[in-house]
Amino acid sequence: PEYNPGPLIDYMKALGVRYHFLCKPLIEMAKKHLDPKKPSICSFCARMKRGMLYSCMRKEGYNVLCLGQHLDDFAESLLMSAFHNGTLRTMKANYSVEAHDLRVARPLVYVRERVMAQFSAENKLPIIQDNCPACFAAPKERHRIKLVLAQQEFEHPNLFWSLQKAMKPLMSINHADRSRGWFEAGPEEDEAPLQAAAGGDCENGMCGLGSDGAMGVGSDDAMVSQAP
């Protein structure tokens with residue numbers, strides 16, 4: 001099924017909040033441009049979506065992008081990166097993109113997923129269920145890691161407090177410049193297919209890959225961790 005943000009659109013209208021609805025056929029684009037020998041569709045989708053957001057922000061004059069990842073997401077990304085990439089990385093809580101014109105913030109970095117779920121239920125917020133066709137067709141590695149963490153938290157109730165403390169230096173990186181020491185070069189997605197998928201040289205406001213591996217420049221998620 002296609003992603004349907006209908007409930008959220010109605011909610012934003014009811015609040016009188018201005019919104020932008022962005023849409024691209026990402027699954028079809030991935031089928032066309034991804035290398036079938038290493039089809040990391042999650043990484044492709046993340047890069048393309050981030051590029052769309054950055055392009056919209058620059059066009060509309062915004063300079064801060066707030067994302068909703070919580071502490072559980074950060075911990076899962078850390079384990080996925082360690083297990084699959086052999087590196088200790090996770091998402092960053094507050095940083096500037098390489099072009100230095102946008103800032104990305106994750107204000108819920110210290111909030112547990114269950115707290116957010118409870119808040120959403122109590123305040124009757126519109127929930128859009130995960131409906132990615134690629135996820136339906138393949139095992140969800142992030143879900144498996146979530147189960148691992150849940151089992152370990154049962155044995156060690158302070159697990160997430162400890163992980164939060166351990167991740168703080170990684171979360172506190174405030175830039176996306178890999179030349180400044182936080183990033184060690186490793187296997188990346190091939191850039192050519194992604195540039196082609198974006199339409200080449202900034203077609204439709206969508207620029208090619210930056211040195212941080214993001215469409216539109218600035219995503220720190222592309223190398224964090226998607227299982228092969």
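## Confidence of the model

Over residues 183-228, pLDDT stays under 50, and the model has 121 contacts beyond four places in sequence for this stretch. The structure is a predicted model. Where pLDDT is low, the predicted coordinates should not be read in detail. For the chain, the mean pLDDT is 77, and 71% of the residues reach 70 or more.

## Overall fold

The chain has nine helices and three strands. Read from the N terminus, the order of the elements is α-α-α-β-α-β-β-α-α-α-α-α. Among contacts with a separation of 6 or more, 71% are between residues 24 or more positions apart.

Of the 228 residues in the chain, 38% are buried. The chain exposes about 13,300 Å², and carbon and sulfur atoms supply 57% of that area.

## Salt bridges

Ten salt bridges are found in the whole structure. One of them joins the side chains of glutamate 60 and arginine 18, at 3.0 Å from N to O. Glutamate 60 belongs to helix α3 (residues 41-60) and arginine 18 to the loop between α1 and α2 (26-33), so the pair ties together parts that are 42 residues apart in sequence. Glutamate 60 is partly exposed, at 28% relative accessibility, whereas arginine 18 is exposed, at 58%.

The side chains of aspartate 72 and arginine 112 also meet in a salt bridge, with an N to O distance of 2.8 Å. This pair links distant parts of the chain, 40 residues apart: aspartate 72 is in helix α4, and arginine 112 is in the loop between β3 and α5. Aspartate 72 and arginine 112 are both buried. The two residues are part of a network of salt bridges that links Asp72, Arg112, Arg114 and Glu153. A further salt bridge, between the side chains of glutamate 28 and lysine 31, has an N to O distance of 3.6 Å. Both residues lie in helix α2, three residues apart, or about one turn of the helix. Lysine 31 is exposed, with a relative accessible area of 61%.

## Glutamate 76 in helix α4

Helix α4 (residues 71-85) also holds glutamate 76. The relative accessible area of glutamate 76 is 1%, so the residue counts as buried. Apart from neighbours within four places in sequence, glutamate 76 is in contact with Arg142, Ile145, Lys146 and Leu149.

## Cysteines and proline 107

The structure holds zero disulfides. Cysteine 45 counts as buried at 19% relative accessibility, because the cut-off for buried is under 20%. Cysteine 66, with a relative accessible area of 52%, is exposed.

Cys66 is one of the residues touched by proline 107; the other is Leu67, when residues up to four places away in sequence are not counted. Proline 107 is found in the loop between β3 and α5, and is exposed with a relative accessible area of 57%. From proline 107 to asparagine 94, the C-alpha to C-alpha distance is 8.1 Å, while the two are 13 residues apart in sequence.

## Nonpolar surface patch

Leu8, Tyr11, Leu15 and Val17 make a nonpolar surface patch of about 310 Å². Of these residues, leucine 15 lies in helix α1 (residues 6-15). Leucine 15 is exposed, and its relative accessible area is 51%.

## Positive phi angles

Most residues other than glycine have a negative phi. Histidine 100 has a positive phi, near 65 degrees, and is not a glycine. Histidine 100 is placed in the loop between β2 (94-96) and β3 (103-105). The residue is exposed, with a relative accessible area of 62%.

Lysine 124 also has a positive phi, about 55 degrees, although it is not a glycine. Its place is the loop between α5 (113-122) and α6 (133-137). With a relative accessible area of 71%, lysine 124 is exposed.

How values were computed
Residues numbered from 1 in each chain as written. Predicted model: local features only at pLDDT ≥ 70, side-chain atom pairs only at ≥ 80, totals over all residues. Heavy atoms only, no water. Disulfide = S-S within 2.5 Å. Buried < 20%, exposed > 50% of the residue type's maximum accessible area, 1.4 Å probe, protein only. Patch = residues over 30% accessible without salt bridge, like charges linked within 9 Å, V, L, I, M, F, W, Y side chains within 5 Å. Areas by Shrake-Rupley, 256 points an atom, 1.4 Å probe, with all protein chains shown as cover. Salt bridge = Lys/Arg side-chain N within 4 Å of Asp/Glu carboxyl O. Helix = DSSP H or I, 4+ residues; strand = E, 2+ residues; numbered from the N terminus. pLDDT = per-residue confidence, 0-100. Contact = heavy atoms within 4.5 Å.
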